[in-house]
Amino acid sequence: MNDMQGLAGETRGEPDSAFRFEGDWREFLPIALTNLLLIVVTLGIYRFWAKARERRYLWSRTRFIDETLEWTGTGKEMLIGFLIVIMVVAPLAVGANLAIEALFLRGQGDLALLLGLGLYAIVFYMVGVAQFRALRYRLSRTYWHGIRGGSADGGWGYGWQFMWKTVAGFMVFGLLVPWSMTELWNDRWNRMSFGQHEFRAGADTHGLFHRWLIVYLVPVVAVIAVAAATGAMISLAAGPSEAAAAAFVFALLFVYLAFLLASLSYYAAYYRQVVNATAVAGIDFEFRARTKDWLKLILGNIGLVIVTLGVGLLFLGYRNWAFAVRHLEAAGEINLDDLLQSPFAATGDAEGLADAFDIGAI
């Protein structure tokens, strides 16, 4: 069938949903256990093959309309990409640190500080480039109906966008962070394509600032709560010390939970906003997870790890991917006869830069 429509149905994988996750944790268990064993035996080297193996399973169990996704990335290319980056980044970092120490020993503190700031700026810039190139790599290794994504952009321009917009976002006491986050999402995705079709991302900050203000005000509440608890401890110094300690602990717990819920509320709204404003090839995307859904995921992950004494860590990638797919929806029409292969060559740099800077991603 050449003309297909992704219907906006339920988000739990029902037949009328455009995206469905068809995986099973029992099926994934052998993969997770053997990955763990081989990572331990190889002193961590196998983790690149483990990542490729996990993605190959998750992609193959993710169905979009009538076809499952396919992951073609390999552990070898991810390892080579990582080693190349390490061979370049490590000597530069070591050399710069030695130069900074030498300048301090010679009493040239100003030059040492300037060099340190320059090194920090370079690392900051490269983090943005790494974020961009990791997304480009994942799209270039994701196939649907034999068509893959990608980008001809190397991400160097995005690195500058990442730098100045992140800094601008934290200016004015961090009140512009929602603007910075949505703008950078648009900058990344508007440089990507699937087949010959370019992604279109036009997210704005509508409905985000008031949630961010709640997150922003939590530290103020924290100061007041801790001050009140401290006052209670002082006033009860001559009385039961247990009551004073309980008041202090309760204040800290209240602050932590308030910050968690406020942050989740903001991020849930942010992610819905940016995904809902993204489209490609006549398909509009929608993400339906609310704050309570994110909270269930996080609490479930924590509970799984605790109950299994850490073994549950093996399933966090599985759970997070399943969560994303089951809450993702799409609507629109796509003609497979008009869908051509990406004109951009599949990149060979893998995610080495992202791994070097510890930028996690499924």
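**Close-up views of a predicted model**

**View 1. Asn186, a residue of helix H7.** Let's start with one side chain: Asn186 lies in helix H7. This is a predicted model, so keep that in mind for every view here. Asn186 has a relative accessible area of 7%, so it counts as buried. Who are its partners? Setting aside residues up to four places away in sequence, Asn186 touches Ala201, Gly202 and Ala203.

**View 2. The largest pocket and the residues that line it.** Helix H7 turns up again here. Spanning residues 177-189, H7 gives the largest share of the lining of the largest pocket, with seven residues. The space in this pocket comes to about 1800 Å³. There are 48 lining residues, and the closest to the pocket's centre are Leu135, Arg138, Trp185, Trp189 and Tyr271. What classes of residue make up the lining of the largest pocket? The count is 38 nonpolar, eight polar and two charged residues.

View 3. Look for Trp71 in strand E5, which covers residues 70-71. Is Trp71 buried or exposed? Its relative accessibility is 3%, and under 20% means buried, so Trp71 counts as buried. Leaving out neighbours within four places in sequence, Trp71 is in contact with Ala52, Arg55, Arg56 and Trp59, and also with Tyr137, Arg138, Arg141 and Thr142. Take Arg138, one of the residues closest to the centre of the largest pocket. Along the chain, Trp71 and Arg138 are 67 residues apart, yet 8.5 Å separates their C-alpha atoms.

**View 4. Helices H1 and H2, side by side.** Here we have H1 (residues 25-41) and H2 (residues 47-60), whose axes come within 9 Å and cross at roughly 170 degrees. On the H1 side, the contact is made by Glu27, Phe28, Ile31, Thr34, Asn35 and Ile39. H2 brings Arg47, Ala50, Arg53, Glu54 and Tyr57. Sorted by class, the contact has five nonpolar, two polar and four charged residues.

**View 5. Stepping back to the protein chain.** Now for the setting of those close-ups. The protein chain holds twelve helices and 13 strands. It has 362 residues, and 42% of them count as buried. How much of the contact in the chain links residues 24 or more positions apart? Among contacts with a separation of 6 or more, such pairs account for 73%.

Methods
Residues are numbered from 1 along each chain as its sequence is written. This is a predicted model: local features need pLDDT of at least 70, side-chain atom pairs count only at pLDDT 80 or more; totals for chains, interfaces and linings use all residues. Side-chain values use heavy atoms; hydrogens and water are left out. Axes are lines fitted to C-alpha atoms, for helices over the stretch in contact, and angles run from 0 to 180 degrees between N-to-C directions. Helices (H or I, at least four residues) and strands (E, at least two) are DSSP runs, numbered from the N terminus. Contact means heavy atoms within 4.5 Å. Ala, Val, Leu, Ile, Met, Phe, Trp, Tyr, Cys and Pro count as nonpolar, Asp, Glu, Lys and Arg as charged, and the others, Gly among them, as polar. On a 1 Å grid over the protein atoms alone, a cavity is a set of points where a 1.4 Å probe fits but cannot get out, and a pocket is an open set with protein on both sides within 12 Å along at least five of seven lines; lining residues have an atom within 4 Å of a point. Grid points are joined across faces, edges and corners, and a volume is the space filled by probe spheres set on the points. Buried means under 20% relative accessible area, exposed over 50%, partly exposed in between (1.4 Å probe, protein chains only).
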